[in-house]
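Here is a short briefing on one structure. Keep the sequence and the 3D view open as you read.

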Protein chains: 2
Amino acid sequence: MHFDLLVSDDKSNARAGLLHTEHGSIETPIFMPVGTAGTVKGVHQQELRDDIEAQIILGNTYHLYLRPGLKVIERAGGLHQFIGWERPMLTDSGGYQVYSMSGSRKIVEEGVRFQSHIDGSYHFFSPEHAIDVQRTIGADIIMAFDECTPYPCPYDYAERSMHMTHRWLDRCIEQMNQTEAKYGYEQALFPIVQGSVYKDLRLQSAEKIASCNAVGNAIGGLSVGEPDDELYAMTDLVCGVLPKDKPRYLMGVGTPVNILECISLGIDMFDCVMPSRNARHGMLFTWDGIINIKNQKWEFDFSPLDSKGKAYVDQVYTKAYLRHLIKCKENLGIQIATIHNLAFYLELVKEARKQIIEGTFALWKEQMIPKLSNRL
Amino acid sequence: MHFDLLVSDDKSNARAGLLHTEHGSIETPIFMPVGTAGTVKGVHQQELRDDIEAQIILGNTYHLYLRPGLKVIERAGGLHQFIGWERPMLTDSGGYQVYSMSGSRKIVEEGVRFQSHIDGSYHFFSPEHAIDVQRTIGADIIMAFDECTPYPCPYDYAERSMHMTHRWLDRCIEQMNQTEAKYGYEQALFPIVQGSVYKDLRLQSAEKIASCNAVGNAIGGLSVGEPDDELYAMTDLVCGVLPKDKPRYLMGVGTPVNILECISLGIDMFDCVMPSRNARHGMLFTWDGIINIKNQKWEFDFSPLDSKGKAYVDQVYTKAYLRHLIKCKENLGIQIATIHNLAFYLELVKEARKQIIEGTFALWKEQMIPKLSNRL
């Protein structure tokens with residue numbers, strides 16, 4: 001796996017590149033739809049490929065480990081085979097899910113003991129185990145096992161946690177070196193920068209991560225409730241340290257505005273549940289702003305869902321029809337809104353990439369920001 | 001609207017025909033997927049058309065009247081326009097929904113007062129109102145307002161109810177004659193035979209319905225809990241009275257076996273929630289029998305969902321993957337199972353039609369019956 005940095009914008013830190021994996025190449029900047037339990041909720045794999053034009057999707061190690069479990073995935077020949085997705089995949093390490101279930105887990109130096117949200121059973125993840133599990137799941141890109149600190153987070157805790165995450169990283173790398181890919185294609189480990197919102201910690205962590213010389217690097221511990229200013233400041237700082245010739249993945253971000261701002265700061269890869277989760281509540285992202293389709297104003301609006309949208313759902317369904325479906329909690333409404341939002345996110349990063357290549361990104365971004373956050 | 005009876009089987013009462021509507025012709029025998037609230041749950045309109053190959057779908061007057069309401073449907077230009085479905089549609093009259101909510105409705109000669117399941121508000125449907133509402137919804141085929149009797153049903157009640165249904169039918173026909181279609185294409189009213197499981201009542205009701213000289217005729221009040229023997233006996237009896245040159249619609253039926261048996265008795269049109277509802281619980285209908293995909297035996301079965309199935313879901317997804325999705329209550333699992341089941345039902349009636357035309361239906365049906373009810 002390797003990354004070709006194709007174009008660096010001269011008016012911002014935005015970049016356009018190509019990340020080559022054995023399941024195909026990924027045009028960066030890219031957004032990765034989240035497929036928690038081996039499915040992007042409510043979306044067929046062919047819709048993901050042909051309508052949304054996803055180039056890489058995410059799986060969640062924690063969820064897949066619990067269901068269907070490693071035996072099933074291994075006997076299927078890995079997650080790609082199991083779900084029928086031929087393009088690249090990335091799995092998180094389970095660290096974020098562990099963070100988000102604060103009541104039912106215990107973190108110690110050796111690893112994390114947690115309780116299944118399904119049956120209450122106890123499980124233990126160590127850095128080594130997180131690597132073994134991700135070897136079995138078989139994503140192209142796998143993530144180091146880290147602790148994602150909450151926001152706000154006391155300095156002392158953030159510092160101790162960061163050091164532990166660094167020690168865990170060393171153990172992950174060691175485990176990667178001692179094991180092999182199970183399905184005949186390469187898996188690359190991305191280490192994760194932590195350090196909460198503290199500049200010195202972020203710099204220290206970025207130096208550590210940069211020193212690992214990984215195929216790509218990630219920034220974690222953001223998009224956990226901090227103000228956008230902090231998100232951008234930390235991202236900017238870390239991008240200044242992470243190597244230019246490696247892709248940079250900002251985990252869990254964000255709104256369309258967040259994505260354009262962070263592309264501008266030098267981020268190449270994003271994932272977020274927002275487009276799919278908010279779709280389920282009737283929130284649509286468009287080039288003209290944000291639509292809450294439940295609002296009365298759309299009741300008699302028989303215009304296409306999104307006249308500027310390129311997904312078929314944008315043209316064949318109307319706002320009034322989607323409103324009806326979402327109000328009735330009909331699955332088709334969720335499906336339509338999810339395809340729309342994910343297709344929009346992919347269109348957004350595709351257009352950003354085009355603007356970067358054409359040298360017009362910075363100006364274009366400034367024009368887009370106020371539109372994208374507009375409430376329609 | 002008119003019906004061409006093309007072939008009558010000489011070893012059974014099965015028939016093959018063509019029902020012509022202004023939204024296209026329907027090859028009979030046909031199965032009509034149920035799209036309760038303007039959506040076949042979890043299925044995109046293009047999947048319904050291209051993958052399931054539905055030729056006509058059903059809408060439920062009761063549900064559509066409550067949500068999105070008549071104003072929205074009328075301003076959209078009718079239900080076809082509102083949901084984006086260009087092929088024929090049929091609406092029930094609301095009678096069945098009223099039957100199934102026995103606790104919150106009151107039936108009198110004038111009509112039915114009922115309470116909304118959504119907000120508890122009170123509404124009144126008369127035969128005239130049921131016609132007006134269906135004029136506004138705008139389906140090609142609309143149904144007479146009837147009372148669907150429960151099973152078991154005392155003779156006295158069934159008799160009184162049948163006579164009221166007949167009087168309501170006269171009022172429906174009168175209202176049809178006094179009103180016009182709203183959207184420029186013809187709507188045909190199908191009257192409904194009632195009479196519970198009493199031969200004399202069924203014969204009397206069939207005579208009444210036959211005398212109306214409608215474009216097509218329906219049999220209601222079955223598939224409400226009676227044994228299959230009663231279903232077949234009543235269907236056989238009524239088919240003997242209803243005119244041969246008009247399509248016969250058996251409402252709410254049934255399993256694949258029920259459908260083949262009733263085609264053999266002379267039925268041309270079917271609808272049932274079974275393929276879509278049971279899909280949501282992981283029950284799949286196939287040419288080899290019934291699969292409960294939740295069973296452990298499918299956990300490691302990485303073979304295609306249905307090797308004999310013609311829908312794309314049958315070939316691109318595996319049994320083990322669908323099992324995982326259904327066990328996790330993932331919407332995609334419901335979507336896959338629903339497309340499979342509906343495509344199978346459409347394939348079943350298409351094959352039956354082919355066998356009727358080739359003169360091999362009776363033999364083929366006898367070979368199919370044991371297979372279709374087999375539990376895999």
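In chain B, Ile192(B) has Ala218(B) of β13(B) as its bridge partner. The two strands involved, β12(B) and β13 (residues 217-219) of chain B, pair in the parallel sense over 2 bridges. Strands count as paired if DSSP finds at least two bridges between them. This is a predicted model: local features need pLDDT of at least 70, side-chain atom pairs count only at pLDDT 80 or more, and totals for chains, interfaces and linings use all residues. Side-chain values use heavy atoms, without hydrogens and water, residues are numbered from 1 along each chain as its sequence is written, and chains are lettered from A and ligands numbered from 1 in the order in which they are written.

**The sheet in chain B**
- An open sheet of 5 strands runs in the order β4-β15-β14-β13-β12 (chain B), with parallel pairing.
- β4 (30-32) and β12 (192-193) of chain B each have a single partner strand, so one side of each lacks a neighbour in the sheet.
- Strands (E, at least two residues) and helices (H or I, at least four) are DSSP runs, numbered from the N terminus.

**The sheet in chain A**
- Chain A has an open sheet of 5 strands in the order β4-β15-β14-β13-β12, and the pairing is parallel.
- Its edge strands are β4 (30-32) and β12 (192-193) of chain A.
- β13 (residues 217-219) and β14 (residues 248-250) of chain A pair in the parallel sense over 3 bridges.
- Ala218(A) has Tyr249(A) in β14(A) as its bridge partner.
- Helix α9 (residues 228-239) of chain A packs on this sheet and touches β12, β13 and β14 of chain A. Contact means heavy atoms within 4.5 Å.
- The direction of α9 in chain A makes about 165° with that of β14(A). Axes are lines fitted to C-alpha atoms, for helices over the stretch in contact, and angles run from 0 to 180 degrees between N-to-C directions.

**Two helices in chain A**
- Helix α6 (residues 127-137) and helix α7 (residues 155-178) of chain A pack at about 45°, with axes 8 Å apart.
- That angle makes α6(A) oblique to α7(A). Oblique is what remains after roughly parallel (under 35 degrees), roughly antiparallel (over 145) and roughly perpendicular (65 to 115).
- The contact includes Ile131(A) of α6(A) and Trp168(A) of α7(A).

**How the chains relate**
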